[in-house]
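Subject: Structure handover and notes

Hello,

Here is the structure for your files.

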Amino acid sequence: MESTPVGPAPGLWHLDPLHSSLIFVAHYLRFGRVQGTFGRARGRVLVAEDPGASKVEVVMDASSINTGVGARDAHLRSADFLDVENHPELRFASTGVEPGGRGRNAFRLHGDLTVHGTAAPVTLDAQWVGEAPDYAFPDDVYGHFFSATTRIRLSDHGVGDGGEVPWGGRLVGDEVDIVLEVRLQDQDPAPFLAQIGHES
């Protein structure tokens, strides 16, 4: 008996920034953990007939970093860390897809992540979660949901750590966990985002 195919049909799919969360969790002040997001992003996924040949491209606005503390966010945007004036975007471009990983409908997404103008390879442990019509436009727009995680090193991208703190360690830890909850849709969201005044 053949299994029912899962995931988006072949074709072009778009990141839905209104229903996606691009989350990072970093060590802060040596012992603490701080969570933040990038609130503005755009992305396209070209799903191929052979899923392994699919392509993913995502661009995030570095200045949209948000940890919930304005002064800290301003510091993270500065030349001490992301230097958004000179490196306004973070980019991910896939280099391969392979089945496998933990959980049902799991796969690994390989690619190059560019932060602070420096690219480094990264592998996302990803999972297709489900599909559903759009809430606002169920007859016109269809979506698929994915979860993914990975861990990166800031030093691989030349991002500073803020220096030493008096009690030992660095202001920001080198390893950063990435957690993605993503919705892809079959229609370009740009017109609707412009209509509601949302920056992507």
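This is a predicted model: local features need pLDDT of at least 70, side-chain atom pairs count only at pLDDT 80 or more; totals for chains, interfaces and linings use all residues.

Overall fold

The protein has 11 strands and 2 helices. Read from the N terminus, their order is β-β-β-β-β-β-α-β-β-β-β-β-α. The radius of gyration is 18 Å, close to the 16 Å that the globule rule gives for 200 residues, so the protein is as compact as a globular protein of that length. Along the principal axes, the C-alpha atoms fill a box of roughly 65 × 40 × 25 Å.

Of the 200 residues, 40% count as buried. The exposed surface comes to about 11,300 Å², with carbon and sulfur atoms supplying 53% of it. Among contacts between residues at least 6 apart in sequence, 59% join residues at least 24 apart.

Salt bridges

Side chains of opposite charge can pair when their charged atoms come close. How many salt bridges does the structure hold? The count is 13.

Arginine 183 takes part in two of the pairs described here, one with aspartate 16 and one with aspartate 134. In the pair with aspartate 16, the N to O distance is 2.9 Å. This pair links distant parts of the chain: arginine 183 is in strand β11 (residues 172-185), while aspartate 16 is in the loop between β1 (11-15) and β2 (21-28), 167 residues apart.

In the pair with aspartate 134, the closest N and O atoms are 3.2 Å apart. Here too the partners come from distant parts of the chain, with aspartate 134 in the loop between β9 (118-133) and β10 (142-153) and arginine 183 in strand β11, 49 residues apart.

Are these three side chains buried or exposed? The cut-off for buried is under 20% relative accessible area. Arginine 183 counts as buried because its relative accessibility is 3%. Aspartate 16 is buried as well, at 2%, and aspartate 134 is buried at 11%.

A further pair joins arginine 170 and glutamate 164, whose side chains meet in a salt bridge at 3.5 Å, N to O. Arginine 170 is partly exposed, with a relative accessible area of 35%, and glutamate 164 counts as exposed at 65%. Elsewhere, salt bridges that share partners join Arg33, Arg151, Arg153, Asp174, Glu175 and Asp177 into one network.

A buried arginine without a salt bridge

Arginine 72 is found in helix α1 (residues 70-77). This residue is buried yet has no salt bridge. Which side chain of opposite charge is nearest to arginine 72? It is aspartate 73, 5.0 Å away. A salt bridge needs a side-chain nitrogen within 4 Å of a carboxyl oxygen. Leaving aside residues up to four places away in sequence, arginine 72 touches Tyr28, Val34 and Thr67.

Alanine 126

Alanine 126 lies in strand β9 and counts as buried because its relative accessibility is 7%. Not counting residues up to four places away in sequence, alanine 126 touches Asn105, Ala106, Phe107, Ser147 and Ala148.

Two residues with positive phi

Arginine 30 has a positive phi of about 70° although it is not a glycine. This arginine is in the loop between β2 and β3 (32-38), and at 41% relative accessibility it counts as partly exposed.

Aspartate 83, also not a glycine, has a positive phi of about 50°. Its place is in the loop between α1 and β7 (89-99). At 13% relative accessibility, aspartate 83 counts as buried.

Regards

Note on methods
Residues are numbered from 1 along each chain as its sequence is written. Side-chain values use heavy atoms; hydrogens and water are left out. Helices (H or I, at least four residues) and strands (E, at least two) are DSSP runs, numbered from the N terminus. Buried means under 20% relative accessible area, exposed over 50%, partly exposed in between (1.4 Å probe, protein chains only). The radius of gyration is taken over C-alpha atoms; the globule rule is 2.2 Å times the number of residues to the power 0.38. Contact means heavy atoms within 4.5 Å. Accessible areas come from the Shrake-Rupley method with a 1.4 Å probe; for residues, only the protein chains shown count as cover. Lys and Arg count as positive and Asp and Glu as negative; His and the chain ends are not counted.
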